[in-house]
Structure formats: C-alpha cells, structure tokens
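Keep the viewer open as you read.

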Amino acid sequence: MITTTLSSTVFTISASPLKVNRYNSKHNNSASFYSQIPFLYNPLSKAPSISRKSCRVRATVLKENEEKVVVEESFPAKTSPGDGGKGSGGDNEPPESSSSGALERWAIKLEQSVNIFLTDSVIKILDTLYHDREYPRFFVLETIARVPYFAFMSVLHMYESFGWWRRADYIKVHFAESWNEMHHLLIMEELGGNAWWIDRFLAQHIAIAYYIMTVLMYVISPRMAYHFSECVEGHAFETYDKFIKAQGEELKKLPAPEVAVKYYTGGDFYLFDEFQTARTPNSRRPKIENLYDVFLNIRDDEAEHCKTMRACQTSGNLRSPHSYPEDASEDDSQNVLHEADCEGIVDCIKKSVTSPPANQHI
C-alpha cells in the first residue's frame with residue numbers, strides 16, 4: 001500500500017533537487033503547512049529507495065472555519081510484475097539488479113533535470129508576459145494544463161488498439177482530470193481571462209506544441225511524462241496559492257462564477273471524485289460562497305492532480321477510486337483484474353511478441 005503522510009502543519013510537493021531555494025524562499029514571512037509527497041518509487045521494491053531532496057511549495061494557512069487540504073492515504077499499489085508481491089533488494093539482490101537499479105536512478109535524475117529545466121523556462125516566459133495580468137495568466141495555464149491528459153489518452157488508446165497495453169483505470173482517471181481542468185478553463189473564461197486575442201493565440205499555440213512534446217515523451221518514457229505533468233501542476237498550485245494570499249480579502253467580496261457553482265456543488269460528483277486518486281469517493285465536497293472559495297478549490301484541485309501524477313510514476317500503480325468497493329477487504333484484492341504493464345513503446349512491442357494477448361475484459 002502507498003501511504004501518504006500528513007503533518008498538521010506541513011504540505012510538501014516534491015520536485016527535482018534543482019533550484020530548491022527558489023521555491024523555499026518565496027514565502028518565509030507567512031505561516032504555512034506542508035505534506036510530504038515523494039516523486040517516485042522504485043518499482044522493484046515496496047519502499048522508496050531513491051534519495052531525493054524536496055522542493056517545498058508553500059500553502060495558505062486556512063482559518064478555523066475553512067476546510068483544510070487533507071492528504072489521505074493512497075489506495076493500495078500493485079506489486080511489480082514478477083516480484084510475487086515480495087519486492088526485492090537486500091543482501092540477496094543479484095549484481096545485475098544492483099546495476100539495473102543504479103542505471104534507473106541515473107535515468108530518473110536525468111529525466112527530472114530535463115523536466116525542471118523545461119518547467120522553469122516556461123515559468124520565466126509567463127512571468128515576463130503576465131506579471132501584472134492574473135486572469136489572462138490563469139487562462140493560459142488552464143489551457144495548457146488540459147493538454148497532458150489528452151496526450152496520455154491518445155497514446156493509451158493507440159496501445160489499446162494494438163493490444164499492447166490495456167489500462168482502463170488510467171484512461172478513466174485521465175479523462176476525469178481533463179474534465180476538471182476544462183471547468184477551471186471555463187471559470188477563467190467567465191472571469192474574462194480570454195478577452196484579448198493575443199492571449200488566446202499564445203495559449204492555443206503553446207498547447208499544440210505541448211501536446212506534440214507530451215505524446216513523444218509519453219511514448220518514450222511514461223514516467224518522465226508524468227513527472228513533467230507533476231511539475232506543471234505544482235507550478236499551478238503555487239501560482240494560485242500566491243494569488244489567494246495576496247488577494248484573499250478582495251476575493252471574498254466578489255461573487256462566484258455560475259460555472260464554478262454548478263461544477264463544485266451541482267450534485268454529480270463521479271468525475272470529480274475520479275481524478276482524486278489519493279482520496280476515497282465522497283470524501284471532499286467543496287462549498288462555494290464567493291470567488292475566494294472558487295480559487296481555494298482550484299488550488300486544492302491542483303494539489304490532487306500532483307498526487308495523481310506522482311502515483312502514475314510507478315508502473316501499474318494507478319487505480320480508479322471507484323474500482324475499490326466500499327466493503328472490499330484486503331483479501332478481495334486478489335480478485336481484482338490486473339491490467340497489462342509496459343513502459344514505453346519499445347517495451348510494449350517486445351511484450352506484444354513475447355506475452356499472450358491482453359485480456360479483453362477491462
């Protein structure tokens with residue numbers, strides 16, 4: 001089981017060791033809370049074996065009458081194929097596994113370094129263009145934020161068509177994530193973030209380039225693509241958090257957009273629960289009384305996206321929250337249908353040749 005720990009005073013979103021001080025030094029004058037979210041797990045063992053520094057993103061200190069961002073336990077993780085549920089490592093680990101582990105750690109470090117560089121480059125561009133235009137910046141962010149989930153689903157559908165990789169839960173969760181980001185975008189449009197033609201032009205063309213890049217990255221290394229998406233969602237969390245701190249009192253005086261009220265309080269919460277894979281269904285029900293509540297919930301949504309993207313970085317780890325019956329026990333886990341695992345297109349082609357056809361009943 002993957003367990004996410006929560007301290008009552010801390011909320012951490014992990015990132016690459018690069019540029020840690022840039023994140024940690026921004027809000028030293030305000031009290032904050034964190035929760036520790038490690039990026040990656042070694043798929044060859046039950047416990048993380050890759051040491052990493054943490055990059056902390058400050059969160060708003062909520063008042064007593066406001067709902068805190070609760071980081072609950074993740075759902076049980078699947079064991080790695082071939083380890084029999086026992087994991088590996090220790091004194092009995094063969095030299096080949098040790099060499100493979102070292103190579104994997106090097107690959108993870110390289111992937112994270114590239115992702116952080118790309119993320120920081122985009123952030124600098126947005127900071128330059130939108131340093132004093134908040135709603136247009138949010139519109140651009142939300143237009144971009146939807147793209148990875150389209151890309152993931154495109155590649156997964158391709159793998160499914162070829163019989164290489166059948167992961168129904170992944171497609172369900174990624175669609176729910178895109179549905180959530182679409183409503184964020186509708187909210188920003190209602191607030192006037194898309195009023196200027198140049199903002200729409202920039203957002204749409206960045207989205208096209210981002211889609212192509214994400215598809216290629218996901219084909220080569222799903223782990224790297226998920227980590228990059230986590231970096232983007234982490235920046236979105238930080239952006240909204242800073243905005244809430246700076247404009248909180250003014251936001252409380254403004255009415256909530258109608259589309260936000262319908263989405264967060266409309267009554268059909270299946271897709272809302274679906275993208276929050278670190279929570280049990282029905283555990284989060286937002287209240288929307290003003291614009292402050294809207295941005296608070298958007299920020300909390302970004303935190304949930306980060307946790308889901310982090311879970312995806314371990315192959316075969318993601319499960320739909322609705323795939324766990326409320327009355328299911330640990331003994332029932334053996335009756336859950338396990339889906340085919342593969343990492344990238346090369347591995348998919350290899351396993352399509354050497355393994356039996358994927359089970360069609362997904």
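How many salt bridges does the structure hold? The structure holds 15, taking a salt bridge as a side-chain nitrogen of Lys or Arg within 4 Å of a carboxyl oxygen of Asp or Glu. Bear in mind that this is a predicted model, where local features need pLDDT of at least 70, side-chain atom pairs count only at pLDDT 80 or more, and totals for chains, interfaces and linings use all residues. Residues are numbered from 1 along each chain as its sequence is written, and side-chain values use heavy atoms, with hydrogens and water left out.

**Salt bridges**

- Arg319 and Asp169 form a salt bridge, with 2.8 Å between the closest N and O atoms.
- That pair ties together distant parts of the chain, 150 residues apart: Arg319 is in the loop between helix 10 (291-312) and helix 11 (344-354), while Asp169 is in helix 5 (residues 168-190). Helices here are DSSP runs (H or I, at least four residues), numbered from the N terminus.
- Arg319 counts as buried at 10% relative accessibility, and Asp169 does too at 9%. The scale goes like this: buried is under 20% relative accessible area, exposed is over 50%, and partly exposed is in between (1.4 Å probe, protein chains only).
- Lys262 bridges to Glu258, the closest N and O atoms being 3.2 Å apart. The two are four residues apart in helix 8 (residues 258-265), so about one helical turn separates them. Lys262 is exposed, at 56%.
- Arg299 and Asp300 form a salt bridge at 2.9 Å between the closest N and O atoms, and both residues are buried.

**Aromatic pairs**

- There are 20 aromatic pairs, meaning rings of Phe, Tyr and Trp (its six-membered ring) with centres within 6.5 Å; planes under 30 degrees apart are stacked, over 60 edge-to-face, and the rest tilted.
- Tyr135 and Phe138 make a tilted pair, because their planes are at 45°, with ring centres 6.3 Å apart.
- Both sit in helix 3 (residues 134-145), three residues apart. Tyr135 is partly exposed at 22%, whereas Phe138 is buried at 0%.
- Phe272 and Phe275 pair edge-to-face, 5.9 Å centre to centre with 80° between the planes.
- Tyr135, Phe138, Tyr240, Phe243 and Phe295 form one aromatic cluster.

**Charges over rings**

- The charged end of Lys252 sits over the Tyr292 ring, 4.7 Å from its centre; this takes NZ of Lys or CZ of Arg within 6 Å of the ring centre and within 35 degrees of the ring normal.
- Arg285 places its charged end over the ring of Phe269, 4.2 Å from the ring's centre.
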